[in-house]
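Thanks, everyone. I'll take one chain this morning and start from a single residue before widening out. The model is on the screen now.

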Amino acid sequence: MKLKRILLLFLFLAIGVFASEILKEHPSAIFGKDLVTSILAYDKENSLHLGHLFTVLQGKYFTMLFFAISLGVPLIFAIHYAIIGPKVFSHDKKKIFVFSMFQRLIHWLAGVSFIVLIPTGIIMIDGAYFGGGEFVRVCKELHAVSTIFFAIAVVPMTIFWFKEMLPIKADIKWLMILGGYLSKEKKPIPAGKFNAGQKMWFWTCTFGGIILILTGAAMYFQDFNFNSIINTGLTQIDILRLSAIIHDILGMVMVALFFTHIYMSMFAIKGAIHSMISGYKEEEEVEILHSIYYKKLKEENKI
Ligand code: HEM
């Protein structure tokens, strides 16, 4: 465990040193003098001509879709809560330790960063409706700063949950019954420590999150004359446009899944939030919602 933390610390330091070396060698739009000099103007030769596609997507669809997701997903869950209601498990039985202090700290770092990233992202994409100007610019900077906190959290999170998030056969069964969330019945649900829904969220927020960080950085720094990029044959304007398209589509998925995560952990299962505060889950909750994991703990005499 100690070795893992030392390795992580080393990794962060190495990333910091590497980044500072790159910035020295290739002054960026933010720190350097060569802002925009190597970026082709709209529709110039040698570009992939993604400008039109981006303008249409951004102007017609992204704005509307973000708006629809921000209202539609919470509305669907409000209906679910009203009709089916939360799953309630006994709090009188034993409690099972599931999340270490380190995991909880890293998780909260990601959580806090998302609480800033999501609204500031939506404000940027729907900037015109929020009056544009200084307010939207401040949101852009807040979005960038909170990305740093998410970037710090995403690497350890990927490492410590990686193994338990690998797919198993039971995930297909879980998906077929939608995790049992369409009924109030307390029947054991086929799932390991994490169910298929949690796994989908994990892979989207880790690998998707890393792609969001990279595409976001490309848009933020704008001018980066790296040989490795020039050698791909893509021009910087292509990379900017591609980044914007990928970032916005993934961002939409992330917003929808983040709302789902919040609903599941704060409303759909009463008291589930405690596991991320104390590290303990109720025995009955594990027995019903993570029946394979529960059996394994029993067999190993861990409970
Ligand atoms: C304030 C926001 C958040 C709250 C209240 C929250 C709450 C929770 C809770 C209660 C659990 C345990 C669920 C269970 O096993 O029953 C959990 C797990 C988890 N959280 Fe969060 N979370 C938040 C933000 C985030 C963010 C931003 C990420 C990633 C970027 C994240 C990633 C995960 C993952 C991967 C798990 C394990 C799998 C799962 O339960 O979905 N969470 N969260």
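Leaving aside neighbours within four places in sequence, glutamate 285 is in contact with Phe89 and Ile269, where contact means that the C-beta atoms, placed from the backbone, lie within 7 Å. Before going on, the ground rules. This is a predicted model, in which local features need pLDDT of at least 70, side-chain atom pairs count only at pLDDT 80 or more, and totals for chains, interfaces and linings use all residues. Residues are numbered from 1 along each chain as its sequence is written.

Back to glutamate 285, which sits in helix 10, residues 283-289. Helices (H or I, at least four residues) and strands (E, at least two) are DSSP runs, numbered from the N terminus. Is glutamate 285 buried or exposed? Glutamate 285 counts as buried because 25 other C-beta atoms lie within 10 Å; the cut-offs are 20 or more for buried, 12 or fewer for exposed, and partly exposed in between, with C-beta atoms placed from the backbone.

Now the whole chain. There are 11 helices and two strands, in the order α-α-β-α-α-α-α-α-α-α-β-α-α from the N terminus. Of the 303 residues, 21% are buried.

Next, confidence. The average pLDDT, the predictor's confidence in each residue from 0 to 100, is 87 for the chain, and 83% of the residues score at least 70. Over residues 28-37 pLDDT stays under 50.

Helix 6 and helix 8 pack with their axes 9 Å apart, at an angle of about 145°; axes are lines fitted to C-alpha atoms, for helices over the stretch in contact, and angles run from 0 to 180 degrees between N-to-C directions. Among the residues that meet are Trp201 and Cys205 in helix 6, and His247 and His261 in helix 8. The contact of helix 6 with helix 8 has 14 nonpolar, eight polar and no charged residues. Here Ala, Val, Leu, Ile, Met, Phe, Trp, Tyr, Cys and Pro are nonpolar, Asp, Glu, Lys and Arg charged, and the others, Gly among them, polar.

Last, the ligand. It is surrounded by 20 residues, the closest being Gly111, Phe114, Gln198, Cys205 and Ser265; near means a C-beta atom, placed from the backbone, within 6 Å. That shell has 13 nonpolar, seven polar and no charged residues.

Key: Two residues are in contact if their C-beta atoms, placed from the backbone, lie within 7 Å.
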